[in-house]
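The following paragraphs lead through one chain, from its overall layout to individual residues. Please keep the sequence and the coordinates at hand while reading.

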Amino acid sequence: MTSNYCCKELEQHLREKEVGIVYDRTSRWYGIKILDGGSSSQTIHYCPWCGTKLPKDLSDELGKIVFEELELDGFDDPRLPEEFKSDEWWKKRGF
Ligand SMILES: [Zn+2]
C-alpha cells in the first residue's frame, strides 16, 4: 500500500493526533493548531518532519467548483455531491 503522505512521521502524527498538526483531505490543506483554545489553525507549506513541500492547497479550486460551477450555496448545501466531501473530487480531476 502506498502512503498518501510524504513520510511515516507525518502519517503517524495525523493518525495519533498528539501533535497539533491537522489535514483536511477535502481541500488537501495542512495546518498547525493555534494554541488559543479555539479551533483556528495556521497553514503550513512544508512537512515539519522531512521538509518536503506539501501538495498545493486546493481550497480555492474547491470553492470555485462548488460556488461557480455547481452554483451551490456552500458546503452545507444538501445538493453537494458526495465526491466533494472527501478527497475523491481532486483525485478524479488529477490535481
Ligand atoms: Zn514528511
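Of the 95 residues in the chain, 9% count as buried. The model is predicted. The threshold behind that percentage is a count: a residue is buried if 20 or more other C-beta atoms lie within 10 Å of its own, and exposed if 12 or fewer do. Along the principal axes, the C-alpha trace spans about 40 × 35 × 20 Å. Contacts between residues at least 6 apart in sequence include a share of 44% that join residues at least 24 apart.

The secondary structure comprises three helices and three strands. Read from the N terminus, the elements follow the order α-β-β-β-α-α. A domain assignment divides the chain into domain 1, residues 1-57, and domain 2, residues 58-95. The centres of the two domains, taken over C-alpha atoms, are separated by 21 Å. Seven residues of domain 1 and eight residues of domain 2 take part in the contact between them. On the domain 1 side, the touching residues comprise one nonpolar, two polar and four charged residues.

The next topic is the sheet. The three strands form an open sheet in the order S1-S2-S3, with antiparallel pairing. Strand S1 (21-24) and strand S3 (41-43) are the edge strands; each has a single partner strand, so one side of each is left without a neighbour in the sheet. Neighbouring strands of this sheet are turned against each other by 35° on average, with direction ignored. As a general point, strands of a sheet pair through backbone hydrogen bonds, in either a parallel or an antiparallel manner.

How many bridges join S1 and S2? The antiparallel pairing of S1 and S2 runs over four bridges. Within that pairing, Val 22 has Gly 31 of S2 as its bridge partner. The pairing of strand S2, residues 29-33, with S3 is likewise antiparallel and extends over three bridges. Here Gly 31 stands opposite Thr 43 in S3, and Ile 32 has Gln 42 of S3 as its bridge partner.

In general, most residues other than glycine have a negative phi. Arg 28 has a positive phi near 55° and belongs to the hairpin of S1 and S2, which has four residues between the strands. Lys 17 also has a positive phi, near 55°, and lies in the loop between helix H1 (8-16) and S1. With 9 C-beta neighbours inside 10 Å, Lys 17 counts as exposed. A positive phi near 55° is found for Glu 71 too, a residue of the loop between H2 and H3. Glu 71 has 9 C-beta neighbours inside 10 Å and therefore counts as exposed.

The loop that holds Glu 71 also contains Arg 79, between helix H2 (59-69) and helix H3 (88-92). Is Arg 79 buried or exposed? Arg 79 counts as exposed, because 8 C-beta neighbours lie inside 10 Å. Arg 79 and Gly 94 are 15 residues apart along the chain, and their C-alpha atoms are separated by 23 Å.

Trp 89, in contrast, counts as buried because it has 20 C-beta neighbours inside 10 Å; the threshold for burial is 20 or more. Trp 89 is located in helix H3. Leaving aside residues up to four places away in sequence, Trp 89 touches Glu 83 and Phe 84. The C-alpha atoms of Trp 89 and Leu 72, which are 17 residues apart along the chain, are separated by 16 Å.

Key
Residues are numbered from 1 along each chain as its sequence is written. This is a predicted model: local features need pLDDT of at least 70, side-chain atom pairs count only at pLDDT 80 or more; totals for chains, interfaces and linings use all residues. Helices (H or I, at least four residues) and strands (E, at least two) are DSSP runs, numbered from the N terminus. Two residues are in contact if their C-beta atoms, placed from the backbone, lie within 7 Å. Two strands pair if DSSP finds at least two bridges between them. Axes are lines fitted to C-alpha atoms, for helices over the stretch in contact, and angles run from 0 to 180 degrees between N-to-C directions. Domain bounds come from an automatic or database domain assignment. Ala, Val, Leu, Ile, Met, Phe, Trp, Tyr, Cys and Pro count as nonpolar, Asp, Glu, Lys and Arg as charged, and the others, Gly among them, as polar.
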